Amino acid sequence: MFGLELSQLALVATFFIGYGLIIFEHQVKINKAAISLMVAVICWGILFSHHAVTGEGLHTLLDSHLADISQIIFFLLGAMTIVELVDSHQGFSIITRLIKTRSKIKMMWTISILTFFMSSILDNLTTTIVMVSLLRKLVDERHDRWILGSLVVIAANAGGAWTPIGDVTTTMLWINGQLSTMVVMKALFIPSLISLLVSLTFQTFLNRKGNQQLELCVQEAKKEPCGNLIFFVGVSTLIAVPALKILFHIPPFMGILVGLGLLWLITDLIHYKHQDRWHLRLPAVIQKVDVSSMLFFLGILLSISSLESAGILKDLANWVRIAVPSEEIVAAGIGIASAVVDNVPLV
């Protein structure tokens, strides 16, 4: 696009060095959000230093990318805050109260199916965190929690794949208009369910012998006022986002902000008279939101937008089209790569 061979090499080198540091975050002791933000600024700095178009044109291009990325960030901020608000009210304890079985096999199937459908409404990362937290309150034996936790990860990833709000990557494509709600649900529900059932059947076969009874925790979670109400309103607002987009063409980030505003209004009306309930109001809850993850997404998406603006991604796509003519092979390769490379920048 800009005819900058040396700057393209500098962009690619900067991105891969930065991404290498992100992969080895725990070894280098630097938060991945900090690295991704630095990489984004350096990459765009290279473009601004060597661009072959007017500065105004490049600023317009950056503004366009930032507008698209901001929709994703605001969507994530709203969704994560709603989930934290429900969790602060102990709303998810409704799920643990429904689980009464002590059978390991039944527990595996129950937890996995619950996770599968929850992740289609929340998102796979949030669902995994919520379900693993619930397992700690539900199952006493550590080894059993490991087995159930691994199934939670599988079920959350499978369940998050078949709805537009179930995974950050799917949400990115959905917000950018590259897939539609009903099409992706129809196309991916059966494959997602099969991937879960294969894993569940395999684990059931492995655990068919030995002790089939679980040691359940006896402690009762602290009850918060109006927990059930906040749970149902929170889940309803998340479900309403795709519906608002289909019916009224409201952008997903606006739909999620409407839901957040509604929950904020409800919790303020319920708790404003009680000074001891400050921890249940949104200004306190929002402090628990993982802002560093959103800054990581911001940095990594800005970095990739610089590669796109320099024409690198287009050149790569053309090379892949010639070298690997089968879309199925490309899709399988991306799937294998996502086991090693974070799926957000990969998508």
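## A walk around the helices

Start by selecting Ile 17, Leu 21, Ile 23, Phe 24, Val 28 and Ile 30: together they make a nonpolar surface patch with about 530 Å² of accessible area. Patch members have over 30% relative accessible area and no salt bridge, with like charges joined within 9 Å and nonpolar side chains (Val, Leu, Ile, Met, Phe, Trp, Tyr) within 5 Å. A salt bridge here is a side-chain nitrogen of Lys or Arg within 4 Å of a carboxyl oxygen of Asp or Glu. Areas come from the Shrake-Rupley method with a 1.4 Å probe, and for residues only the protein chains shown count as cover.

Before you go on: this is a predicted model, where local features need pLDDT of at least 70 and side-chain atom pairs count only at pLDDT 80 or more, while totals for chains, interfaces and linings use all residues. Residues are numbered from 1 along each chain as its sequence is written, and side-chain values use heavy atoms, leaving out hydrogens and water.

Now colour helix H1 (residues 5-23), which gives the most to the patch, with 3 residues. Helices are DSSP runs (H or I, at least four residues), numbered from the N terminus. Ile 17 sits in H1 and counts as exposed at 57% relative accessibility; buried means under 20%, exposed over 50%, and partly exposed in between (1.4 Å probe, protein chains only). Also in H1 is Ala 10, partly exposed at 28%. Draw a C-alpha to C-alpha line from Ala 10 to Cys 43: it spans 8.2 Å, though the two are 33 residues apart in sequence.

Next, pick Lys 29, in the loop between helix H2 (25-28) and H3. Lys 29 is exposed, at 70% relative accessible area, and its phi is positive, near 65°. Most residues other than glycine have a negative phi. Cys 226 is another non-glycine with a positive phi, about 65°; look for it in the loop between H10 and helix H11 (227-248), where Cys 226 is partly exposed at 34%.

Last stop, helix pairs. H3 (residues 32-50) packs on H14 (residues 291-309) at about 25°, axes 8 Å apart. That makes the two roughly parallel, and their crossing is left-handed. Axes are lines fitted to C-alpha atoms, for helices over the stretch in contact, with angles from 0 to 180 degrees between N-to-C directions. Under 35 degrees counts as roughly parallel, over 145 as roughly antiparallel, 65 to 115 as roughly perpendicular and the rest as oblique.

Then show H8 (residues 142-160) with H10 (residues 181-206): about 165°, axes 8 Å apart, therefore roughly antiparallel. The crossing of H8 and H10 is right-handed; right-handed means the near helix is turned clockwise from the far one by less than a right angle, left-handed anticlockwise.
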